[in-house]
Amino acid sequence: MRGKFLKVAVAATATAMLATACGSGGDSDNAGQAGGTLRVYNAEPAFLTPSGGDDEPSLYVIRQLYRGLVKYNADTSAVEMDLAESVESADQKLWKIKIKSGYTFDNGEPVNADAFIRSWNYAAYGPNAQNNGYFMKRIVGVKDLQPEDPDGDGPKKAPEPATKELSGLKKVDDLTFTVELDAPFSGFPTTIGYPGFFPMAQACVDDIAKCNETPIGNGPYKMDGSWQHNVAINVVRSDSWKGEPGKPDRIEYRIFADVDGGYAAFQANELDVMYTLPPARYKEAKQQYGDRMFEMAGDSFTYVGFPTYNDDFKDKRIRQALSLSIDRQSIIDAVFDGRNAPATGFVAPSFEGARENVCQYCSKDVDKAKQLLAEAGGWPAGKKLILWANAGAGHDQWLQAVGDQIKAALDIDYELKVNLQFAEYLETADKKKFTGPFRLGWGPDYPFLETFLYPLYGTGAGSNNAGYSNAEVDALLKEGDAAESMQAAIPSYQKAEDILGEELPVIPMWWRKEGAVYSENVDQFVWNKVADADYGATSLKKN
Amino acid sequence: MSDLTSAGTAVGGGPVGAGGPLPDQPATGGRERSASLWADARRQLVRDPVFVLSCLYILAVGSMAAFPKLWTGQDPRDCTTDRSRLSPGGEHVFGTDILGCDYYSHAIYGARPSMIIAIMATGTMIIIGGSLGLLAGYYGGWVDTIISRVMDVFLSLPFLLGAIVFLTVIKRQNEFTIAMVLFLLTWPVIARIIRGSVISSKDLDYVQAAKAVGARNGRVMFRHILPNAIAPMLVYATIVLGSFVAAEATLTYLGVGLQPPAQSWGIMISTHQVYFLEDPWLLLFPCGLLVGTVLSFILMGDALRDALDPKFR
Amino acid sequence: MGRYVIRRLLQFIPTVLGTMFLLHYITSLAIQFSGNPVRALFGDRTPPPALLQAITERLGYGDPCLDRKGDPCLWRAAEDGGGLLGSGYELGLFFDRLHGIFFNFDFGINLRQQEVTDLVANAIPFTLKLLVIAIVFEAVVGIAAGVLAGLRGGSFLDYMVKISTVFVISVPIFVLGLVVREFVGVKFGNVLRGQDWIPDLISVGVFSPVFKPDYPLASLIIPGMVLGSVSLATTARLTRTSIMENVRADYVRTAKAKGLTNKRVIGVHTLRNSLIPVITFLGVDIGAAMAGAVVTETIFNVPGIGRLVTMSARTGESSVVIGVVTMLVLVVLLANLLVDILYAVLDPRIRYE
Amino acid sequence: MTDVNVKMEALAGVDPNALPLQVKDLHVEFRTRNGIAHAVNGVSFDLRAGETRAILGESGCGKSVTAQAIMGILDSPPGFVTGGEILYRGVDLLKLPESERRKVRANRIAMIFQDALSALNPVFTVGFQLAELFRMHRGMSRQDAKARAVELLDLVKIPAARQRVNDYPHQFSGGMRQRVMIAMALALDPEVLIADEPTTALDVTVQAQIMALLAELQRERNMGLVLITHDMGVVADVADRISVMYAGRVIEEAGVDDIYASPAHPYTKGLLESIPRLDLKGQELSAIKGLPPALTNIPPGCAFNPRCRYTQEVCREDPVPPLYQVSPSRTAACHFWKEVKGDE
């Protein structure tokens, strides 16, 4: 699982499309040279604790400082054991986790069952206000730690939670513990590779503020000095790490306010890796650094949702007609310099179980669109289609192009409503107050196709902003969750996706292509399909 | 633009109205003197090529804002992604932008918001700031104290920071709100100018004489005192018009100005600044128009000040 | 002199309170009208209400007056019913904030739960360095250009100074910054970096396109010059006008009649008087330069106050924007006070009024 | 005060027997945007040691410009000396290089300005401004120079000089400020003092004190004094000889008694008649009609002709009336000087 939520949030709020990395797989077993200092681009992280950091810049640092139970294969994104000896379950509900012995934190504390239980409890406990508390939502007892506010947003405070511990976490012995989930979930092993599930030392939980400034990690790198806010974070290879050692001696994360500044620094040879590129410089970068550039179809999903709670969009034929009038590739070429891949399904193409052309209405076909619109009884005469996006993030541009194309194809005039800042925009989404198609994005939590389905289209799910509800889809998703293995779950999920492809609660727009450049100092650049640029595995040339 | 509150001093020179416009004028003939002052100024201005050129440029931009159809027959909203970022030439004199909209008509239509914001903000600033300055200077005492303290409050907010604060909070960024924010942050400057000018002229003999013969306060203020303050106010207003045009662009760049799909020079510049290495004209055209406008306003203000301030004759 | 300072200090207090109330009211209105900024923290994902609530409480956005649109948050109903002077009301959020700021030096926290004071403390050294470079640059170059132009009013040089300064004022600073970063920092810098004989301090430090932690001072020089360039124009013009006025002053004529050398007439008798408004301007300009740093720091990636404000504004973290701006405003007001006192020191006519 | 008299260095070509100041056919013009203003058009006069010469005229007649041209402190541009000679003891100052000419100022020819408030630098103490002279011209230390400044203030009768030397100009009253000005002018013991309307800005009682002080100091030091004024009353008390100026020219030159007894130019006559006189109480005061001409546009012939009651055709035509020798020691530039003189 990889937290791309905030990545989307950052993209939405900070600069225009802040692209993440790209890359192809350098492979990690072809060991390059060890040593040297790797200087990499980073934005200012939000938190450097596993329980707090859920945005891309945080994760890039946390993944080198901390390690979790499982990791992902760089090329196949398959789950591999890291600190865990085994992760097993008979019923997909009660999971038993065994930890390898001998691992320690930088301060000497052992990495044992307590370290994980402690970390997860800390994250889940409401008053700690940890961003990754969200990820504990499947574990039994989480409701007791995050009690509801009795009067919504009102003046009364939420009651103090009765307990600080998740009842679903049970320590068996020093190196074994069990996790009980609310409902069966076959994809659970993929989720625990996400940094929100990484362990924390007791010393860290005791003084979380200090631990945030100078993290006490358990991974291949440890802090050199403390976090220089907005300037840099430096890490050096850790001696206490028992696993495969990191390649560079030292990694310097240089912190930039915007990607343009970072790119300027890269051009001046002040950085070795830019895991992302300013959209407008993509062409130039490709020309100039073509042989040192990685590109990969990513898994950041951009969609235009329909407010299915609004009468105008209740008829699926209207939704289909609108989707059919959009030429995705031409918008991608014009606005993004070709840096996106048109979406024809709802699951990232790189994911196991993803298929092409799940959506039959996702390529331009004006005649069919007109026909479907006519069948649905046409668009109310004179009514403007209102297209929503949040302000200040450059979304207005491509949305305007979408509007232009709809207008050209179906003769429906449009209006852009793009003046809401992100917070307010999201609140509008939460309150289901959109009056027309709205732009939003989604990034996966873990490399398992479920992450693209339930949260967005499950009845009442947290990010189901379309307000979509389909009993059949719900049932199929449940079926997949309860399947005996991840492999076995895929067909159920695919069936659910097929229904979505016909019903079209949202118009899939595109998948972002990740693009990264690296300097001449880099010998072998490693891109992990799940965890993105893997700096610990990237080797430098010997001078 | 760093700070509009300093723009007056910036461009003008000394605090424009600090000493009153004509500190050495004979006590009696104030009105005649100012009449001949304006006549002299006009004579001097029409002979000043810089002033004339600036005026023509502003007129051109003003007509773009008022009657864009005079300048272009094309619809700036007629866009198609098929012709994204065409180079200038042929059908599209300025080329096309990334959405394939005609850039020339875009630039013409973009004049309007910039000008509306500048004019609305300056107008409000003159009327309200001017009145408050007049009241403070004329009545003095506690009226002056209160108004001066309120002025201090608004002056203490550095211009850009203040604008960021107000606009992040307002969140409805349109011509009106931006103009109002610009006004809020700059009215104390004009109020100060007027106040200083009023204070220095209210003790002049002819004003005292008017009072002595029982003229009402309103009449004294408007007939005898205000005319003295008009010259420095006019100079500052001209310069500030230019600064506001530039401010709109800067605020847009910082993400707190106008939002697309509105069309303004600021939006054009900040949207396309990232492309300036690849397709420099996307930045060059709106930037050129903007710089020209700001430059013209400032040069006009300069020329006005030289013409209206006898010290520089 | 003493009385003058005391009078200025007394004027200072209502200004500070007024400014702080203005900022406080704006924040309150922001929350009242556009909702809880904490929500944005979660992005596309909808957070559990409990979590949202907990973070909101932590951030101090829980005051009930923030639910009433337009409420200035001055008073609140006292919990025990007694309140201030038995009115049933007690001092509200505004006074809590004042108390926090003046007694606990607490300017609030950001959405990442970092103290604004810490954020500012981290950022301020960079901004200070940048400001010093900018002010020195604009003072030295601006005054020199202004003096030259002023002494030769109407000459070619005067004309050049006038045109170039007006031009600098007209170009939006972000365009100037971007052009400098790309052409001076990247393009020209890369040429320099390709030459072995140029010391690293110059090629890697000074001509770095963005701020570089290894060269904390050198890499700030160019950003500082860009920041200073806006006010440089103002300084030059102000100096020019001031010189032109003073050069004709009677006391300058007296100085000449005293048979003093030209150098002394200009350097002592003209400059001292002419520079009073310029120095005052430079002092006041500290505030403007801080605001200008918002743009410059963003472009050159200087981890200072300006970048802090911009990033916070972009993510809608009004708590930080307000906290930082409040602090800056206090600094600006203090600077203005000092400038006024400096003015009195420089100009004896004010001092003895 | 004898040691003040040490001259820094000798000026080449000085003839100690020549007159301290001779102005010959001086021309000054101002080149402005609105045309060329002919401010001074051939002014000549002599000044003997110990003599007081008054230059009389309305404002704008070129008298202050003449003074500034002598001092070499014309604002240039727009002012330019376009002809003539200014001789100090036989040396033409206009031909001296600036570095030499500078040494003449304050050392040999000093000047007092009209408005002491604006003529004194507001941001320096009077002590500093006085001491500066000794430091720059005599190379004295700050301390010595300061001591001399106190002596000077004593000399011009400023009470409590020791304390006041540290005050700023705006802390003095008008009369006291003018005394400071005088002290400054006399500091280096010049041979010629030019006083440009030294009392105009002052109250009448103070005026008298200042004039008395000036006269006293002049006598003590045997200085030549050029007194520029428009005040006929002041002139009558102190002047030895008078040059009356109109539109940039000297139109009458005579001893003070002659002029007052029988003016030979209608303008002089007009000026005299405009003085209110106790003995003519009850009669209507006659003023000169009209305004002086703009210096950019001086009428042909006699510049005074539009306002003159003696005007005839010849006055309206060039050339301008020459200086007629009225008596061995007096001249007047009027074709009809005889009529004017006789017509009492």
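Two strands count as paired where DSSP finds at least two bridges between them, and strands themselves (E, at least two residues), like helices (H or I, at least four), are DSSP runs numbered from the N terminus. The views below come from a predicted model, in which local features need pLDDT of at least 70 and side-chain atom pairs count only at pLDDT 80 or more, while totals for chains, interfaces and linings use all residues. Residues are numbered from 1 along each chain as its sequence is written, and chains are lettered from A and ligands numbered from 1 in the order in which they are written.

**View 1**
In chain D, β11 and strand β12 (residues 330-332) run antiparallel and are joined by three bridges. Across this pair, D:Q325 stands opposite D:T331, the latter in β12(D).

**View 2**
Eight strands of chain D, in the order β6-β7-β8-β3-β9-β10-β12-β11, form an open sheet with mixed pairing. Its edge strands, each pairing on one side only, are β6 (109-112) and β11 (324-327) of chain D. From one strand to the next the twist averages 25°, where axes are lines fitted to C-alpha atoms, for helices over the stretch in contact, and angles run from 0 to 180 degrees between N-to-C directions. Helix α7 (residues 174-186) of chain D packs on the sheet and touches β6 and β7 (192-196) of chain D, its direction making about 175° with that of β6(D); contact here requires that the C-beta atoms of two residues, placed from the backbone, lie within 7 Å.

Chain D is divided into domain 1 (4-11 + 18-239) and domain 2 (245-342), with bounds that come from an automatic or database domain assignment. The C-alpha centres of these two domains of chain D lie 28 Å apart, and their contact takes 25 residues from domain 1 and 16 residues from domain 2. On the domain 1 side, the elements that give two or more residues are β2 (35-47), β3 (52-56) and α9 (232-238) of chain D, and β2(D) gives the most, with eleven residues. That side of domain 1 of chain D has 13 nonpolar, ten polar and two charged residues, with Ala, Val, Leu, Ile, Met, Phe, Trp, Tyr, Cys and Pro counted as nonpolar, Asp, Glu, Lys and Arg as charged, and the others, Gly among them, as polar.

**View 1. The contact between chain A and chain B.**
Here 21 residues of chain A are in contact with 19 residues of chain B. The elements of chain A that give two or more residues to this contact are α9 (282-289), α11 (328-336), α13 (395-410) and β15 (414-420), and α13(A) gives the most, with five residues. By class, the side of chain A that touches chain B divides into nine nonpolar, six polar and six charged residues.

**View 2. The meeting of the two domains of chain A.**
Chain A is divided into domain 1 (13-272 + 519-541) and domain 2 (297-513), and 30 Å separate the centres of these domains of chain A, taken over C-alpha atoms. In this view, 19 residues of domain 1 of chain A are in contact with 22 residues of domain 2 of chain A. The side of domain 1 of chain A that touches domain 2 divides into ten nonpolar, eight polar and one charged residues.
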